[in-house]
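Please walk through the fold described below with the coordinates open beside the text.

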Amino acid sequence: MINESDQLDQFILGRLLARRVTIRLVGLRRLWASTSILVLIALFGSTLVAAEDSFFKGKTIRIVVGFSPGGGYDVYARLIARHMGKFIPGNPAIIVENMAGAASLISANHVYKVAKPDGLTIGHFIGGLFLQQVLGRHGVEFDARKFEHLGVPVQDTYSIGLTKASGVNSFDQWLNAKTPVKIGGTAPGSSTDDVPHVLQAALGLPLQLVSGYKGTADIRIAAESGEVAGFCTGWESFKSTWRKSLDSGDAFIAVQAVSKPHAELLKVPLAINYAKTDEAKKLVKVGAHDPGTLARPFVLPPGTPKDRAFILRKAFAETMSAPEFLADAKKGNLDINPLTGEEVARTVENLFKIEAPIAAKLRQILLPKV
């Protein structure tokens, strides 16, 4: 894979060649390692910055979120929208547009096929759709490997939260329940649906999934009204959007679908510890643990000019470590544990290397019947 230094070399070289400056590629790394590169930057850097200034200045970038307002995806997108523009030449405005439907599949397809690849549209949908593509889900109209990946702000700790009114007090009690526990979901491809289905198949967890909600904010309302007992999402969303109920004891986290417990959930059991066979353990890992890493991707449409993609990827990374951004995230009880665009791209490639028997089993569990 190409690292950031390599990308910067290629980026600068491409711009210089575009201006008919002849540089021998074989000497570029030696040039970068020496002070001579400073001369090139002095000569051409201001031109490059000015060119991008002229493009982004006065423009508006939209982040297309695949879920309804008020849920975790929307909250993270709006947090990033408040800060990322400061790190983009020309300081463009950034707005959030919600395009809910089919566990964000509608928005993912839109960003891939419809959105103009000019650097002014960023997609934010659930990364579980990448696994759905690998499994061959009908309706997926994108290739995850062809998106320009900007990064993820946090790696999700997938968990299932239940209300006190559900009558379930612990995960062990749930496992031994004679009546399925009803939980809400959005659609296949979302953690709200996929993780519970994986746990149901791997652990024999008695549950009934009621799918079709527009987002976790809608499921949360349904849980609080007694329509369902709870739902699955990242702890990172739970603690921000369901804080009041968790603090009052009206809701609790029953189980974590991750390889090791979150530091704030040390007493909450891990689903993997209840898997009794090697196959069950692999199903939990591939179907629940791994998708959590890619749960919240920010992407650009394929074909976005490489220079603009580079600038936006860099701006995303700088945003993740900016003190004002981190303070804002802390204020909203939002965890920040990012991956770079390069790391996301590598992880996406690895999804396409799942063992055939596990992939076949996951198809049976996760793909909607059509």
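R62 stands opposite T121 in β3. This is a predicted model, in which local features need pLDDT of at least 70 and side-chain atom pairs count only at pLDDT 80 or more, while totals for chains, interfaces and linings use all residues. Residues are numbered from 1 along each chain as its sequence is written, and side-chain values use heavy atoms, with hydrogens and water left out.

The protein has 16 helices and eleven strands. Of its 370 residues, 55% count as buried, where buried means under 20% relative accessible area, exposed over 50%, and partly exposed in between (1.4 Å probe, protein chains only). Among contacts (heavy atoms within 4.5 Å) with a separation of 6 or more, 78% are between residues 24 or more positions apart.

β1 and β3 run parallel and are joined by four bridges; two strands are said to pair if DSSP finds at least two bridges between them. β3 also pairs with β10, in the antiparallel sense and over two bridges. In a regular strand the side chains alternate between the two faces of the sheet. In β3, T121 and G123 point one way and I122 and H124 the other way, and all are buried.

What surrounds H124? This residue lies in strand β3 and is buried, with a relative accessible area of 0%. Its bridge partner in β10 is F298. A polar atom of the H124 side chain lies 2.9 Å from the backbone oxygen of P297. That is a polar contact, a pair of N or O atoms within 3.5 Å; within protein, one must be able to donate a hydrogen and the other to accept it, and residues adjacent in sequence count only if both atoms are side-chain atoms. Leaving aside neighbours within four places in sequence, H124 is in contact with I63, V64, V65, G66, Y73, A77, R296, P297 and F298.

These strands belong to an open sheet of six, with mixed pairing and the order β2-β1-β3-β10-β4-β11. At the edges stand β2 (93-98) and β11 (339-340), each with a single partner strand, so one side of each is left without a neighbour in the sheet. β11 and strand β4 (residues 148-152) run antiparallel and are joined by two bridges, and G151 has T340 in β11 as its bridge partner. Helix α5 (residues 105-113) packs on the sheet, touching β1 (60-65), β3 (121-124) and β10 (298-300), and its direction makes about 140 degrees with that of β1. Such angles run from 0 to 180 degrees between N-to-C directions, and the axes are lines fitted to C-alpha atoms, for helices over the stretch in contact. Helix α15 (residues 341-351) also packs on the sheet, where it touches β4 and β11; its direction makes about 105 degrees with that of β4.

Seven of the nine residues of α5 are buried, so this helix is largely enclosed by the rest of the structure. The cover over its buried residues includes β1, β3, α6 and β10.

A further open sheet consists of five strands in the order β7-β6-β8-β5-β9, again with mixed pairing. Its edges are β7 (207-210) and β9 (251-256), each with a single partner strand, so one side of each is left without a neighbour in the sheet. From one strand to the next the twist averages 35 degrees. β5 pairs with strand β8 (residues 230-234) in the antiparallel sense over five bridges. Within that pairing, T233 in β8 is the bridge partner of S159. Helix α9 (residues 216-224) packs on the sheet, touching β5, β6 (181-184) and β8, with its direction at about 150 degrees to that of β8.

Helix α12 (residues 278-293) bends by about 30 degrees at K285, the bend being the angle between axes fitted to the seven residues ending there and the seven starting there. Its buried residues pack against α6 (128-135), β5 (158-163), α8 (191-203) and α16 (356-366). L283 is one of those buried residues. In helix α16, I365 counts as buried at 15% relative accessibility. Not counting residues up to four places away in sequence, I365 touches H197, V198, A201 and L283.
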